[in-house]
Amino acid sequence: MTESGVPEDRTVRGRHVVVVGGSLAGLLAARVLAEHAERVTVVERDRLPDGPRARAGVPQSRHVHVLMEGGADALEDLLPGIVEELVAHGAPRVGMPSDTVHWQGGTFHRRTAATVHLMSGSRPLVEWLVRRRVLEDPRISVLEGTEVVELTGDARRVTGVGVRERGAGRGAERGELRRLAASLVVDASGRSTRAPSWLEALGAAAVPEERIETGLAYATGTFVPPSGEGPDGATAGLSTAGFYFVPDGNNVRGASVLPIEGGRSLVTLIGLRGTEPPTDPEEFRAFTARLPHPVLHDWLVGAEQEGAIHAFRATGNVRRRYDRTDRRTAGFLATGDALCAFNPVYGQGMAVAALSAVALRDSLSDPRRTPSGARVQRALLAASRQAWDIATGADKELPGARGNAVGASRADRVLGRYLARVVERTAHDPVVGTAFRAVSSLKAPPGTLFAPEVLRAVLFGGSPGPCTELPLRPEEERR
């Protein structure tokens, strides 16, 4: 017993790591850390389902998720064979731009041959398969139905966590608080993390935060797509796996439709502040009538809804700069959304979770450098930087964007004008489109957009003007 009367876990022998949160970022971090510790304990608030089912701890799990190609490559690197497992369980593989109807910036994109692919299986399916693989390792265990309520130690070093059974109440008098000692605590508890306040309670420096909030909201329903091709209306002759209608300053409503396992599709409607999409089924369909083209509205007329429509509002971009704290607290790392959370509409979260785990593995295993906490934390931040720049760069341009990271320098404004031309030309120029998709799918570095052939096309290439005619089929099918 400690002086406070709180029982302390004495079972730790050797190096023990505690991971806070059992979602993708936490599971993949645990997979990596098991190679460097005698045991890893994942502390998870939920009771984890034995199958691909949504759970309360991942509130956005009922919405569209994609595993971008860069993330799929990273996940395969960490868990060889996992992509094949996803496909075997029905996760669709969608080619971009050939397989979707994409409207952005006042024009339809050409449906040229795919240059990247994304996997659009549901979030519960991806998480279940990853969890099953990770927990095959006997060094990794999960403490389910348990929440972390504090960090232990002091401002110099975190030495563990205080936990209690979920729902037991606050304080030792309402539920037994016990402590798990650890040589390292990794916060993977998501965008609602309480770790910054826990660190401050130990006397550590406040963690600076960067934020951009657009007020964007979305609502998602599950639908069985129309059978066959629509005989009339906008869907006549249509062949597509999904749709993208991207909101911007001139069009504050958008939509995303992608297939998932079981022959179903997730339909997500998007609206900026003041135009939030409804959850009532009839109003949900009516919302699509105000998109720039009637094709999705007509598609929904022939689709069959399954279950309720769910709304989501927590779409701000938040980056916690543990690398900028005045005093570094040893024994603690942050990863996933607990470190850098993006507007989910860009679909980057699962990919960044995998890329961050690869960065963690590489920084811990680098024979040239001692893997200090500060160095590893910088590597984790760097793994999310490209996705952060993409998400916040787009959100800064939306009307009503707020936050301390909204401002732009003169160099940022020049770069922004160039990138606006990139996005404009992506719609019709295969050279620019190939580069843009490689970068936005986190498969290639940002410098790809400045390769000589891309620069020439962006700065000097002609534009055919906006295309308002619906591209019913991939171009290769029309030849």
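Figure 1. Helix H9 (residues 373-396) lies across strands S12, S18 and S20 and runs at about 145 degrees to S18. Axes are lines fitted to C-alpha atoms, for helices over the stretch in contact, with angles from 0 to 180 degrees between N-to-C directions; contact means heavy atoms within 4.5 Å. Helices (H or I, at least four residues) and strands (E, at least two) are DSSP runs, numbered from the N terminus. The sheet is open, has 3 strands in the order S12-S18-S20, and is paired in the antiparallel sense. Two strands pair if DSSP finds at least two bridges between them. Strand S12 (209-212) and strand S20 (340-341) form the edges, each pairing on one side only. Strand S18 (residues 317-320) is joined to S20 by 2 bridges in an antiparallel pairing, and Val-318 stands opposite Ala-341 of S20.

This is a predicted model, in which local features need pLDDT of at least 70 and side-chain atom pairs count only at pLDDT 80 or more, whereas totals for chains, interfaces and linings use all residues. Residues are numbered from 1 along each chain as its sequence is written, and side-chain values use heavy atoms, with hydrogens and water left out.

**Figure 2. Strand S16 and its two antiparallel neighbours, S13 and S15****.** Of the 8 residues in strand S16 (residues 264-271), 7 are buried; buried means under 20% relative accessible area, exposed over 50%, and partly exposed in between (1.4 Å probe, protein chains only). Strand S13 (residues 217-224) runs antiparallel to S16 and is joined to it by 7 bridges, with Thr-222 having Leu-266 of S16 as its bridge partner. Strand S15 (residues 253-260) is also antiparallel to S16, through 8 bridges; here Val-257 is partnered by Val-267 of S16. The hairpin of S15 and S16 has 3 residues between the strands, and Gly-262 takes a positive phi near 80 degrees in this hairpin.

**Figure 3. Packing of helix H12 against helices H10 and H11****.** In helix H12 (residues 452-460), the buried residues are Val-454, Ala-457 and Val-458. These residues lie on the same side of H12, because they cover an arc of only 95 degrees around its axis, the arc being that of the directions from the helix axis to the C-beta atoms. Pro-452, Arg-456 and Phe-460 are exposed on the other side of H12. The buried residues of H12 pack against helix H10 (410-426) and helix H11 (430-440).

The axes of H10 and H12 are 9 Å apart, and the two helices pack at an angle of about 90 degrees. They are therefore roughly perpendicular to each other (angles under 35 degrees count as roughly parallel, over 145 as roughly antiparallel, 65 to 115 as roughly perpendicular and the rest as oblique). H10 contributes Tyr-418, Arg-421, Val-422 and Arg-425 to the contact, and H12 contributes Val-454, Leu-455, Ala-457, Val-458 and Leu-459.

**Figure 4. The loop residues His-109 and His-293****.** His-109 is placed in the loop between strand S5 (107-108) and strand S6 (116-119). His-109 is buried, with a relative accessible area of 6%. Not counting residues up to four places away in sequence, His-109 touches His-102, Gln-104, Thr-426, Ala-427 and Pro-471. His-293 occurs in the loop between helix H6 (281-288) and helix H7 (295-301). His-293 is buried, with a relative accessible area of 15%. Although 190 residues separate His-293 from Trp-103 in sequence, their C-alpha atoms are 8.8 Å apart in space.
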